[in-house]
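Please open the model in your viewer and keep the selection tool at hand.

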Amino acid sequence: MGLHVSAEFPAMLERIDALGGALEADADAAEELGRLTEDIGRALLGAGVVRAALPQSLGGYEFSPSQLIETVERVSYHDAAAGWTMMALQLMTGTTAAYLDAVAAADLFPNVAGGEHALLAGHGTRPGRAVPVAGGFLVSGSWQFASGMAHATHIHSAIQVEGTGELRVLAMPKSQVELVDNWDVLGLRATHSIDYHCADVLVPATYTYLATTTNPANGGAIYRLGLVNMSAIGHTGWALGVGRRLLDELKLVAAAKSGTRNAAVDTTQFHAAYATAEAKLRSARAWAREVWRGIEGILAAGELPSTEQDTLLRLVLNHVTWTVQDVGQMVHRWAGTAAVRRGPIDRFLRDLATGTQHITSSPTVLQNCGKWLSGAQPQAHWEFLDLTS
């Protein structure tokens, strides 16, 4: 149950960077398709981006939280929609592999090292209904925002057991649900975050797990974080990658426009704004690394994060996300027409505007963080994204 730090990490970053040109070249086509192109999807999966989140005991790389943050950050730097897609597949697939029992895990993850394993996408915040029957549950429900569904083989969904109210998470073949091709949005267009539903589908109990579990059946200490805390890892990395790319793109715009007539980028006001944005982004990244290093130390010691650490990982995600939104607004202001014509800045700004609306960075989560940190609810603890006494 020790915290695993993978030696594969440096090579992973190199493989991702090697795909940077292809990600940029396919970005427009992916937006038209509403999902990543087949070539890009295969390339990222082949590079091991999802394998990075799978338990070592099943053949995965089992990256540490800091390694996963930087992995998602690097993919997102090259393409925000690709980073979001891989982040979702990492989370759903990795946690499923960790929390399902041996029988189900052997079925879904027979040869991870050889690329033979399930890929899961779905939604976990609005549970469907699960009626207990012999051997399992009859599941019905409608779910939204299944990012990465185009690349998935199986579904990840939250369910609530009728009679007990117990919250569980299921894994079932994608063929057992009806997909709704309704992802018509301004940003993150290439993530295929569609809706889906099903009615009275039999799901074996062994293909479900307790939604609040922090006791993995497979893998090491990272999976003791639990499903919700692990979701903060990828979202933090995504925002950091998008913020860094936007500032780098603005730097290129400034270099191209500098010296031209009435160039706004030659003003001291622009230079001050850019420096301030750099300070904000670098500070947010440094604080995220500090928080997660502390959590990694606790996990390595065989302990679970404290309520304060549970609070801080949520707060740092909120802070990183909205800091990057501020950075994006600065980029939009100073990039001029580069921010409105088709190109990287336009695409990343649209993706950022959509990504900030995720429930994990909502105002309610921020308010709950404040309640605990200010001492208003000192005895409270976190249940998913809610602070309860």
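Where does histidine 151 lie? Select histidine 151: its place is the loop between β2 (136-146) and β3 (154-161), where strands are DSSP runs of type E of at least two residues, numbered from the N terminus. The model is a predicted one, in which local features need pLDDT of at least 70 and side-chain atom pairs count only at pLDDT 80 or more, while totals for chains, interfaces and linings use all residues. Residues are numbered from 1 along each chain as its sequence is written, and side-chain values use heavy atoms, with hydrogens and water left out.

Is histidine 151 buried or exposed? Histidine 151 counts as buried because its relative accessibility is 13%; buried means under 20% relative accessible area, exposed over 50%, and partly exposed in between (1.4 Å probe, protein chains only). Now display its neighbours: leaving aside residues up to four places away in sequence, histidine 151 touches Leu36, Thr37, Gly41, Thr85, Leu89 and Leu119 (contact means heavy atoms within 4.5 Å).

Next, select threonine 208, which belongs to strand β7 (residues 208-210). Threonine 208 has a relative accessible area of 6% and is therefore buried. Beyond residues up to four places away in sequence, threonine 208 touches Leu100, Phe137, Ile159, Arg168, Val169, Leu170 and Val203. Show the side chain of arginine 168 as well: the side chain of threonine 208 makes a polar contact with it at 2.9 Å. A polar contact is a pair of N or O atoms within 3.5 Å; within protein, one must be able to donate a hydrogen and the other to accept it, and residues adjacent in sequence count only if both atoms are side-chain atoms. The side chain of threonine 208 also reaches the backbone oxygen of alanine 205, at 2.8 Å.

Finally, colour the chain by domain: domain 1 (8-114), domain 2 (121-210) and domain 3 (221-388), with bounds from an automatic or database domain assignment. Domain 2 gives nine residues to its contact with domain 3, and domain 3 gives eight residues. The two domains bury about 640 Å² between them, 75% of it on carbon and sulfur atoms; buried area is the accessible area (1.4 Å probe) that two parts lose on being put together, summed over both. Select Leu186, Gly187 and Leu188 in domain 2, which lose the most area to domain 3, together 57% of what that side buries. Between domain 2 and domain 3, three residue pairs are in polar contact (both at pLDDT 80 or more).

Conventions
Helices (H or I, at least four residues) and strands (E, at least two) are DSSP runs, numbered from the N terminus.
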